[in-house]
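I opened the model today to look a few things up. These are my notes, in the order in which I went through them.

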Amino acid sequence: MSPITESIPLSPTVSYAQHGDVAVLMLNNPPVNGLGDTTRAGLHAGITRAFEDDAIAAVVIAGAGKVFCGGADIRQFNTPAATAWPASRDILALVEAAKKPVVAAIHGVALGGGLEFALGCHYRVVTADAKLGLPEVNLRLVPGGGGTQRLPRLVGVKRALEMIQTGAPVGGREAVRIGLADAVADGAEMAGAAALVTRAIEVARRAAQSAEHPVASRKDVPEGVVDFEACLAAVSPKARNAVAQKAAIRCVQAATQLPIAEGLAFERARFEELVAGNESKSLRHIFFAEREAPKFAEGKGLALRPIERVAVLGSGTMGVGIAMSYANAGIPVALIEREQAALDRGMSLIRRNYEITASKGKLKPEQIEARLALVTPTLAFEAVAEADLVVEAVFEDMAVKQAIFKQLDAACKPTAILATNTSRLDIDVIAGATSRPGDVIGLHFFSPANVMKLLEVVRGRATSADVIATCMAMAQRIQKIPVLVGVCEGFVGNRMLTPYWREAGFLLEEGASPQQVDGALTRFGMAMGPLTMADLAGMDINWATRKRLAPTRPAHLRYSRVADRICELGRFGQKTNGGYYRYEPGSRTPIPDPLIDELIADCAREAGIARREICDAEIVERTMLALVNEGARIIEEGIARRASDIDVVYVHGYGFPAWRGGPMFYAETLGLDKVLARILALRAQHGAHWEAAPLLERLVAGGAGSFDSGR
Ligand code: NAI
């Protein structure tokens, strides 16, 4: 038997080595060994070469790096590379017709197209900690490489349906138990990928002694009664991926009724339909946008500041959630208050939040104590001296914040990062209260801060690049998605709310009811309508802002008095049991209130507005285009670095439906030219509030289809 040979590249992403009489094909397409065009070409070439070489008895396919294969290369979806020859099915056709066994050696993950490829191999050897699954439904797709046809033939219809419909992966041992894999390479998860390949080579060599090798697609689907109509009926119409789930059920049903070739064609047709649809495109857009957002090129090569201890100032609504975010990531945090009662309230809230999580089985009792032990409550301001990062979350008042930053400047170590959680105040003015504005930054967490994934990282005029880079990295350490934004009134997310709420207020005056406005937008997909959201957030905060800005408000622009009039009644939303809606004490359920209907009608009368019937489409169009137009200005001003960052802000901070991709991507799916035409029409009808963003006009004039093109 010849020894192990040097590996040779067969394509930029696949290499070939000979281990005696076994050929080992190594996928090397970071980050997840996606089955892009060069990977498929390399696999085809490698398998062909091994089959043609008489010195080779068997083939092992393994992945370099942390995983076997994360699936299709979704970067290539809807591009020519995705459909370039060979397709995975062409490679699997070679394998299925072969006399020599092909073994998939799976560590890390085999997901989506990666598992589908492995299902087409004769054998699968797995590490115990490997994860095998078909998560396509999460991107509103069905598996498109035979997964719905081969999986039921290996694990039975019921189990296959469960895996495909939930998208949840199974572990290595479970995979062997249910017939999805053939052997666990014991200890390989500890010993590393080489140990797995060694075990896979043994399996391959043994298999090479028989003339026949198992081919999943030639197996019969195991008997078992599954009522497919009942499965379809059981899919919740509210499920975000209901369409994909139903298509997946039909595909598995096809596996039970059709010969394999027809079943594969049926599945492929469903995949093609879904992959071309806006919903799946939008989810893929957000998937990449989330990965793009944390990147900060200016920070490349800069030394990050160590963040080993954090101090949070203020144990109110936000301070509590922020402290929990650090404790959850194992980072010790001092929670500093000026009042004992507020501190006690904050600590008991933290405990209660953890207990609720534990009662759902998501946290063990000892984990509660471990996390609580990481939070040190104190009234001693001096505790900031030990912190590498201070996050200020006290009242939203410039004078208070400036006083605190002056104190921080005096008390913190020279390397500390001084952050404020302000929602709308000017970071540069806050930084001006210190002698080290380069160390000051905004970390705008969203409520509840321990739950919401979004973190707006607000870069001040003087904030230094290493402080930004450190905060972008820190955010990921505490499981947040950071989006870098610039200073302006409300930064990205809250700034866009202003025109969004403005249109909601106008629509009320023109004839819509609060429940109609909210209903139209929740049917559109928003997690919550704008008026319910205002009630939840507290209307007093915006009232204060409007009063602050009133002296500079242009007199010629229309202004709705509805929100002010509600606040003048002492109704600030849920916390006062009344806002746009009324609330039973202790309940968060909004109840329409005739008093508010009257108030709205009065405002309309006073403003001389004749009320009319308003349809859902108008509500959606006006509120969405208000977001989009403001978003375009934000991009132009450089407050956001990319349109996709704004989408991340809205999906992860404001309940915008991910399957619509965020407001800016949604506008692109409508067509930027159509969006501009509608804005111009709204301008003609409703006046100067609808001045089109110059960027939008320029893009349309240049024929661009996306906000990021030409930037
Ligand atoms: P809050 O009123 O619930 O809590 C503020 C806490 O700070 C109180 O417990 C108060 O006793 C404490 N505090 C005041 N002065 C202090 C001092 N000198 N030292 C230590 N503690 C002091 O306020 P909330 O809602 O938590 O807001 C805090 C900050 O976060 C504000 O700047 C707000 O704009 C911002 N924010 C609020 C959001 C929200 O949804 N509530 C969302 C994002 C940001």
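This is a predicted model: local features need pLDDT of at least 70, side-chain atom pairs count only at pLDDT 80 or more; totals for chains, interfaces and linings use all residues.

**Arg-633 and some ground rules**

I started with Arg-633, which counts as partly exposed because its relative accessibility is 24%. My scale for this is buried under 20% relative accessible area, exposed over 50%, and partly exposed in between, using a 1.4 Å probe and protein chains only. I found Arg-633 in helix H26, residues 616-636. Helices here are DSSP runs of H or I with at least four residues, strands are runs of E with at least two, and both are numbered from the N terminus.

Residues are numbered from 1 along each chain as its sequence is written, and side-chain values use heavy atoms, with hydrogens and water left out.

**Domains**

I looked up how the chain is divided and got domain 1 (8-275), domain 2 (307-485) and domain 3 (493-701). Those bounds come from an automatic or database domain assignment. The centres of domain 1 and domain 2, taken over C-alpha atoms, are 44 Å apart.

Next I went to UniProt, where an unreviewed entry lists "domain: 3-hydroxyacyl-CoA dehydrogenase NAD binding" for residues 310-486. UniProt positions are in the numbering used here, feature names are shortened, and annotations may be inferred rather than shown by experiment. I get 41% helix and 21% strand over residues 310-486, with the end C-alpha atoms 24 Å apart.

The unreviewed entry also has "domain: 3-hydroxyacyl-CoA dehydrogenase C-terminal", covering residues 490-583 and 619-703. Residues 490-583 are 59% helix and 0% strand, and the end C-alpha atoms lie 28 Å apart. Residues 619-703 come out at 71% helix and 0% strand, with 28 Å between the end C-alpha atoms.

Ala-563 counts as buried because its relative accessibility is 14%. Gly-505 is 58 residues from Ala-563 in sequence, and the two are 7.4 Å apart, C-alpha to C-alpha.

**The ligand**

Which residues are closest to the ligand? I count 21 residues around it, and the closest are Met-318, Glu-337, Glu-396, Lys-401 and Ser-423. To be near, a residue must have one of its heavy atoms within 4 Å of the molecule. By class, this shell has eight nonpolar, nine polar and four charged residues. Helix H14 (317-328), helix H17 (398-411) and strand S16 (440-445) each supply at least two residues of the shell.

Then I went through the contacts to ligand oxygen atoms. A polar backbone atom of Thr-317 is 3.0 Å from one, and a backbone N or O atom of Met-318 is 2.8 Å from one. For Ser-423, a polar side-chain atom lies 2.6 Å from a ligand oxygen. The protein covers 80% of the 830 Å² of accessible area that the ligand has on its own.

I also checked Asn-421, in the loop between strand S15 (417-420) and helix H18 (427-431). Asn-421 counts as buried because its relative accessibility is 7%. A polar atom of the Asn-421 side chain lies 2.8 Å from the backbone nitrogen of Phe-445.

Most residues other than glycine have a negative phi, and most peptide bonds are trans. I went looking for exceptions.

- Pro-30 and Pro-31 are joined by a cis peptide bond, omega about 5°. Pro-31 is in the loop between strand S3 (22-27) and helix H1 (37-52).
- The bond from Ser-447 to Pro-448 is cis as well, with omega near -10°. Pro-448 is in the loop between S16 and strand S17 (454-459).
- Gln-479 is not a glycine, but its phi is positive, about 65°. I place it in the loop between helix H19 (465-477) and strand S18 (481-486), and Gln-479 counts as exposed at 56% relative accessibility.
- Asn-577 is not a glycine either, and its phi is about 60°. Asn-577 is partly exposed, with a relative accessible area of 34%.

Technical notes. A polar contact is a pair of N or O atoms within 3.5 Å; within protein, one must be able to donate a hydrogen and the other to accept it, and residues adjacent in sequence count only if both atoms are side-chain atoms. Accessible areas come from the Shrake-Rupley method with a 1.4 Å probe; for residues, only the protein chains shown count as cover. Ala, Val, Leu, Ile, Met, Phe, Trp, Tyr, Cys and Pro count as nonpolar, Asp, Glu, Lys and Arg as charged, and the others, Gly among them, as polar.
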